[in-house]
Amino acid sequence: MTSELDIFVGNTTLIDEDVYRLWLDGYSVSDAVALRVRSGILEQTGATAAVLQSDTMDHYRTFHMLERLLHAPPKLLHQLIFQIPPSRQALLIERWGYYAFDEAFVREVLGKKLSKGTKKDLDDISTKTGITLKSCRRQFDNFKRVFKVVEEMRGSLVDNIQQHFLLSDRLARDYAAIVFFANNRFETGKKKLQYLSFGDFAFCAELMIQNWTLGAVDSQVDDMDVDLDKEFLQDLKELKMLVADKDLLDLHKSLVCTALRGKLGVFSEMEANFKNLSRGLVNVAAKLTHNKDVRDLFVDLVEKFVEPCRSDHWPLNDVRLFLNQYSASVHSLDGFRHQALWDRYMGTLRGCLLRLYHD
Amino acid sequence: MPGKLKVKIVAGRHLPVMDRASDLTDAFVEVKFGNTTFKTDVYLKSLNPQWNSEWFKFEVDDEDLQDEPLQITVLDHDTYSANDAIGKVYIDIDPLLYSEAATVISGWFPIYDTIHGIRGEINVVVKVDLFNDLNRFRQSSCGVKFFCTTSIPKCYRAVIIHGFVEELVVNEDPEYQWIDRIRTPRASNEARQRLISLMSGELQRKIGLKVLEMRGNAVVGYLQCFDLEGESGLVVRAIGTACTLDKLSSPAAFLPACNSPSKEMKEIPFNEDPNPNTHSSGPSTPLKNQTYSFSPSKSYSRQSSSSDTDLSLTPKTGMGSGSAGKEGGPFKALLRQQTQSALEQREFPFFTLTAFPPGFLVHVGGVVSARSVKLLDRIHNPAFVGIMGNTRSYKLLDWNSFNSDEPETRDAWWAEIRQEIKSHAKALGCHAVVGYSESTSICEEVCILSASGTAAVLNPRFLQDGTVEGCLEQRLEENLPAGCGFCHIPYDELNMPFPAHLTYCYNCRKQKVPDVLFTTIDLPIDATVIGKGCLIQARLCRLKKKAQAEANATAISNLLPFMEYEVHTQLMNKLKLKGMNALFGLRIQITVGENMLMGLASATGVYLAALPTPGGIQIAGKTPNDGSYEQHISHMQKKINDTIAKNKELYEINPPEVSEEIIGSPIPEPRQRSRLLRSQSESSDEVTELDLSHGKKDAFVLEIDDTDAMEDVHSLLTDVPPPSGFYSCNTEIMPGINNWTSEIQMFTSVRVIRLSSLNLTNQALNKNFNDLCENLLKSLYFKLRSMIPCCLCHVNFTVSLPEDELIQVTVTAVAITFDKNQALQTTKTHVEKSLQRASTDNEELLQFPLELCSDSLPSHPFPPAKEHLESASSNSGIPAAQRAVTVEKASPMGEGNFRNRSAPPCANSTVGVVKMTPLSFIPGAKITKYLGIINMFFIRETTSLREEGGVSGFLHAFIAEVFAMVRAHVAALGGNAVVSYIMKQCVFMENPNKNQAQCLINVSGDAVVFVRESELEVVSTQQPTANCQPSCTGGEVTT
């Protein structure tokens, strides 16, 4: 006696949260059954393994049919095939996580081009992270799908993502960061960047979207939140005089040192390193005209600022005091005319550096 | 030109991509009704087109309005090649044809394609302007309301229940037409869908005409079925119960029946003795003789005045147990005559209802059933031979005429069966059959026709315009003891139609009751039940040799009696094992396959307080001297006794102890007997009668004389009770649970198993089948575990044998949650129960002007026992008070509110929840309006079975789509639920080698608007203008 066909269809679509998670995690039906057996469900319910198998198959089939709709969540709200109460619809998308992703996975693909090439690497990522290939694919496809939809859209990136994928504010912000990184191809995979979490990058992305993109100056252009403001990047060259002009550099140093004397535990180290640090920060700005250097932004920041400070054991608070003073003192440099430009650059960079400065 | 149909195409959404190059679609819509077609403009390059068309107007006869569906086709415009069809929507406009139902159909409909399934949605608005029809010879029956519900619909009152209506139409199946060889599967499927839709419309119209002829205005318990006979054609048949219903809209509506407007009940001279049954001869004759012996002479029957005197003269000395039986006699006789007078006007005094207004059902005799094996003859159709030249057009024009004599053949078949049922009912001393249904099972050219019902004696009040008999009926009713009357035997004790064992009723102690009662109806509201009920199934397989035509039919006919016998024995044993004494909702399905017959009987077992306690089951061995064998037997016996004890505890069956003196007569040792009278007849009209009482043998004794019997005993014990927190039944409601909460989940589950073809034996087959059903139930319990405590209600199993080694079981049921705390108080008295019922079903009770005449009646010479008097008074009195209150509350919810139904839902509103349930009610809610019946037929076919997830993926998607389409139609009518939903057919065929599969599904139900009881109270405190639109109520959450 073999079962040829075995289905259960409810007027209200039954969704088992646990099985949904197993499905999202990319387990096969037999693995999912095994995991469910291990969870002790048979003892709790008095069911047999065959019942569990049939139930799991049924759920997987339902999820498979739902997946097409989950690709465009607003469709899920309007579709007629599955009667799912609104509260459950939200759970499917967000909290139980069709669009949820693994930290380990996102770190691997963050800043990479969301292309077929990267997709081929998913095998390796799966092996490396221990996340099933199916789950990797789902997460990757989610990134790509969101990217495609919002890429050329007008208006706030976060709002667009929220509207088209019905995600919560928090998750939409994360996706905005992923889209922003993918679009600008920031390098995040270098060894010296390994200590940074997705949260660190997402934090920086948000600051950059707010201040460095086209949308920061004009909210009526296409791609406003995805592309960096090219004009702004061009203008950043002007900052070079802060380090190229020796008088200006000395004046800047003396202003900072005067203000921080006695307030900094690592004062002497700061004094000794000031010129190197300042050169580093300003040169990063000046180089941003080249796409290649934009990609290396985070590598440069870590190399030129985070690592030197860390090797001198600066406490975070000292870094904060220094950066604040370093930014503010420029306003007192009479010979320097690009105050607004400096603030737009340094305001964001200061925030990023403070977030990046940890072990 | 009595009607104008207006259609507007608003918009589409989620259309499929039809142009690969642009990833877009250039869609337009064709709107077709009859032979008229309109088209919208092409909306270029969009998956969400906004057509906003003008109103397309069709001027049509109302006959066409009833028959034809509105056909909407969405196409993709293609400049260079033929336009591609995206899909279709068929809309049945029948609900717009009667004034009380929907006024507009408006909403999003899934666009359906028989090959691709649902492909996007389309927003359509449909209206009908009907002109008054003055033509007396009209062919249409607009205005007759149809209900699938097998009880009087909740917001109506039955003025008269006229009785049985039936009709069938036959046509050639397009799938088997010659043209099918050259057209695409899509075209073929669509031809079939359209034809069936047309035939259903026609059938409904014809039934409607019959109802109008009977001066009724509605059909209740409407059941329409398709017989796919293959090459011999397609039969669409329907049965129902014609009624005159009054809408309960204002308190004024509940006046006594005397005020009913329809007095011109047709007077038929009742000389028509039913045609002498030429077909049923031999063994059944003695039964018939008995029947006639206790239905007194007919000359007597119509004279109600003389009956009246008769009644008053009847000595009612009846406290003494000895005379009680006699006392019942005259009443019964009287009642019988009256009912008879009303019923004998009818050819078939059948009722498809399973639940009745209180007082309608007087006595229940037992289950009557009849089966007949028929050979489907190929239509000898000359056009069938040639495909060439003239024959083609000839055939297309004329093929209906070939079938012109077909309906008569089928009609005759059914008439034969119905006669048999009627005579069985008579044998049981009953004049009517209630809970009546008909079914077929077809395999190749053999067809088993089955009919079954419950023989009953009815109160004539509802059967005719009863002004004259009004008072008499009242009096009769007063004499019926509450809660047990229906159990009392309707037949004559001295002339019992079969060897039966009778005792005095355990409730009233005055009249005789059988020890076991089988019925096809729902448990009457006023029945006194101890403990809870449970689903009881008997499952049976019998191998049969493959054979052709006559030989096959003979083989089947020979097997049928044995099947029936065994099914019956199994049911009886399982009932005993549960410690119960009555079955309700019994449905025995016999399915015929190529090489086997399957029998599946489902029923809900209960313990009726009026019936005696069932005895246990004794097993006995044939070789009593063998020691180890004895030991084994005693071991088995112990197991059985333990099971019975466990079940009694599980279902809380703890009847009060009754000492024998009270009963006045010794309780004889229990013996099995059957209420089941049935017969099989083959085309040769040979009839066999079964004595299911096991002759003189004590039927509780199971003799274990061979391994077969051993298996039987084992299989008895293998049925696992549902896990704690779960109950199941196949009736409307679960006896013993009455505190439903609002969460419901309707579902359909389908399983197909393949039998290993090697050495199949009856035992192996039985075991496979049993496991299949048990596992299916276990799966259901597991799936629905989050709803505990809950009850699976209206569990409906259907078995089919699609191929040699395949068994398909389809289950549809609804899981309803209930409040555990209240449920634990199982010691609820009858009065409390009836009160509870009254509050939920008050509208049904409204139909009963119980108090109105009672004052004028002379008091009872001998009132019944005190407790019964009490319960009777509370039955009538207290609910009446409650009634008034609830109705006042309900009144603001009348017509007015729903007239201003919300405009077509705007494009970005989310989808409202539409509930579906096989029950006639929605727990915790009140049905405020019936919008019309939903009767839909779909075909789905695939040539890429593997890609669609195999057979399971294919069928899963299809059933989900069917649900979606039903919900969309209900929502478009302005409703928020389907009640009495039933999946009548689910025919699944696969050909994995060709990667193909096809499935046909037929569903029906009543579209309704319901309002939550909690909301109702809120609304009632507001002004009548409070805007409570049905669409609002659709928003609540279900899981």
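Guide: Asp58(A) is buried, with a relative accessible area of 3% in this predicted model. Its side chain meets that of Arg61(A) in a salt bridge, with 2.4 Å from N to O. Both residues belong to helix H4 of chain A, residues 49–70, where they sit three residues apart, about one turn of the helix. Arg61(A) also counts as buried, because its relative accessibility is 12% and the cut-off for buried is under 20%.

The pair does not stand alone. Asp58(A) and Arg61(A) are linked in a network of salt bridges with Asp16(A), Arg36(A), Asp55(A), Lys783(B) and Arg785(B).

The interface itself comes next. Here 38 residues of chain A are in contact with 55 residues of chain B. The size of an interface is often given as the accessible area lost when the parts come together. Between chain B and chain A the buried area is about 4,100 Å², and carbon and sulfur atoms give 61% of that area. On the side of chain B, Lys783(B), Phe782(B) and His956(B) lose the most area to chain A, together 20% of what that side buries.

Polar contacts are counted as well: 23 residue pairs are in polar contact between chain B and chain A, with both residues at pLDDT 80 or more. Several elements of chain B give two or more residues to the side that touches chain A, among them helix H14 (762–783), strand E27 (740–754), helix H21 (950–972) and strand E32 (977–991). H21(B) gives the most, with 13 residues. By type, the residues on this side of chain B divide into 27 nonpolar, 16 polar and twelve charged.

A search over all chains finds 47 salt bridges. In one of them, Glu108(A) bridges to Lys128(A), the closest N and O atoms being 2.9 Å apart. Glu108(A) lies in helix H7 of chain A (residues 103–109) and Lys128(A) in helix H9 of chain A (residues 122–129), so this pair ties together parts that are 20 residues apart in sequence. Glu108(A) is buried, with a relative accessible area of 18%, whereas Lys128(A) counts as exposed at 59%.

The side chains of Arg192(B) and Asp173(B) meet in a salt bridge of 2.9 Å, N to O. Arg192(B) lies in helix H2 of chain B (residues 185–213), while Asp173(B) is in the loop between strand E10 (156–171) and H2, so the pair ties together parts that are 19 residues apart in sequence. Arg192(B) counts as buried at 4% relative accessibility, and Asp173(B) counts as buried at 1%.

Conventions. Residues are numbered from 1 along each chain as its sequence is written. Chains are lettered from A and ligands numbered from 1 in the order in which they are written. This is a predicted model: local features need pLDDT of at least 70, side-chain atom pairs count only at pLDDT 80 or more; totals for chains, interfaces and linings use all residues. Side-chain values use heavy atoms; hydrogens and water are left out. Contact means heavy atoms within 4.5 Å. Buried area is the accessible area (1.4 Å probe) that two parts lose on being put together, summed over both. A polar contact is a pair of N or O atoms within 3.5 Å; within protein, one must be able to donate a hydrogen and the other to accept it, and residues adjacent in sequence count only if both atoms are side-chain atoms. Helices (H or I, at least four residues) and strands (E, at least two) are DSSP runs, numbered from the N terminus. Ala, Val, Leu, Ile, Met, Phe, Trp, Tyr, Cys and Pro count as nonpolar, Asp, Glu, Lys and Arg as charged, and the others, Gly among them, as polar. A salt bridge is a side-chain nitrogen of Lys or Arg within 4 Å of a carboxyl oxygen of Asp or Glu. Buried means under 20% relative accessible area, exposed over 50%, partly exposed in between (1.4 Å probe, protein chains only).
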